[in-house]
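Please keep the sequence and the structure in view while reading.

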Amino acid sequence: SLPQKTKVLVQCEHSENDDGRRHLLKMLGQDVLLDSSPDRGGIIIAEVDEVLLRRLHESPHVKQMEIVDQPAPFLSPASNTSTHGGTQRHLQEVLTPAIQMVQADRLDIGSNIPLVCIADSGYALGHPDLPVPPQVDGMDYAVSNGKVLRWYHDGTGHGTATAGVIAAIEGNGIGYRGVAPELSLFITRALDDNGRSDVAQLMGAIEQCVASGAKIISMSLGCPCTDFDHCQKKGCYSELMKAYFASINENGVLVFGAAGNEGTVDEPFIRVRTSRSSV
């Protein structure tokens, strides 16, 4: 049988010409799941056996390491939507009270249209009230068991609903009008087909967002735990993930994380530490 492997986050020691990071990447080889650039923290995610784990512990090139081999602690808040791709359809177009409350119907994007990345459960490509290529694009995500999560598939409808809030088509006579229908979208799979994720997949999806050139990232998910200690035990909290989000924010990328659905401070749904937690 194959040796059991452990998922780890590794932050490299700074070295001249980035030699230390290159040394670690060579040592880990095909076990690397994510390699973020030095300006985004230089964090490597890998799945390693006991031998490699011991070598990482002994390596002078490792600044910090976290074991994140926890069973999918992150998930999306429940989506109460249905029908096509998980998003409700209406016989005529609706401008929701929420859109009017934030005056999104008065928003002028201008000629320099930003790219918004939605790191969620996917996107129901072909939905009649959502943009199609080239206005929307995305990237698949290969999980460690070999399964490929397609960006244009949405098993729960949550990512599709989020995309609709942001950019549902205006003037087609059906569904909702999005906050900014003219926005360009990039879709990544932060969540699997059951709406769940872990630290490695989450960071991988965000890395894809950053690589796409998006300056705004929507990440409507969190972790159902009750307090800080509980979150650490469940694998919801990572110092290296926190540092990673800080580094991409410093490089001009704004990341929004979910604030939960109940609107209460003591809700048992821990927000991912991002630039803003108000989705």
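Arg 150 forms a salt bridge with Asp 140, and their closest N and O atoms are 2.7 Å apart; a salt bridge here is a side-chain nitrogen of Lys or Arg within 4 Å of a carboxyl oxygen of Asp or Glu. Arg 150 lies in the loop between β9 (148-149) and α4 (158-167), while Asp 140 lies in the loop between β7 (136-138) and β8 (141-142), so the pair ties together parts that are 10 residues apart in sequence. The model is predicted, so local features need pLDDT of at least 70 and side-chain atom pairs count only at pLDDT 80 or more, whereas totals for chains, interfaces and linings use all residues. Residues are numbered from 1 along each chain as its sequence is written, and side-chain values use heavy atoms, with hydrogens and water left out.

**Salt bridges**

- Side chains of opposite charge can pair when their charged atoms come close.
- The structure holds 9 salt bridges.
- In the pair described above, Arg 150 is partly exposed at 37% relative accessibility, and Asp 140 is partly exposed at 25%, where buried means under 20% relative accessible area, exposed over 50%, and partly exposed in between (1.4 Å probe, protein chains only).
- The side chains of Asp 193 and Lys 147 also meet in a salt bridge, at 3.2 Å from N to O.
- Because Asp 193 lies in the loop between β10 and β11 and Lys 147 in the loop between β8 and β9, this pair ties together parts that are 46 residues apart in sequence.
- Another salt bridge joins the side chains of Asp 198 and Lys 7, at 2.9 Å from N to O.
- Asp 198 lies in the loop between β11 (196-197) and α5 and Lys 7 in strand β1 (residues 6-12), so the pair ties together parts that are 191 residues apart in sequence.
- Asp 198 counts as buried at 11% relative accessibility, and Lys 7 is buried too, with a relative accessible area of 8%.

**Strands around β6**

- Helices (H or I, at least four residues) and strands (E, at least two) are DSSP runs, numbered from the N terminus.
- Strand β6 is mostly covered, since 5 of its 6 residues are buried.
- β6 runs parallel to β10 (residues 184-189), and 6 bridges join the two, with Leu 115 standing opposite Ser 184 in β10; strands pair if DSSP finds at least two bridges between them.
- β6 also runs parallel to β12, to which 3 bridges join it, and Ile 118 has Ser 218 of β12 as its bridge partner.

**Helix packing**

- The axes of α5 and α7 come within 11 Å and cross at roughly 10 degrees; axes are lines fitted to C-alpha atoms, for helices over the stretch in contact, and angles run from 0 to 180 degrees between N-to-C directions.
- That makes α5 roughly parallel to α7, because angles under 35 degrees count as roughly parallel, over 145 as roughly antiparallel, 65 to 115 as roughly perpendicular and the rest as oblique.
- The residues making the contact (heavy atoms within 4.5 Å) include Met 203 and Ile 206 of α5 and Tyr 244 and Phe 245 of α7.
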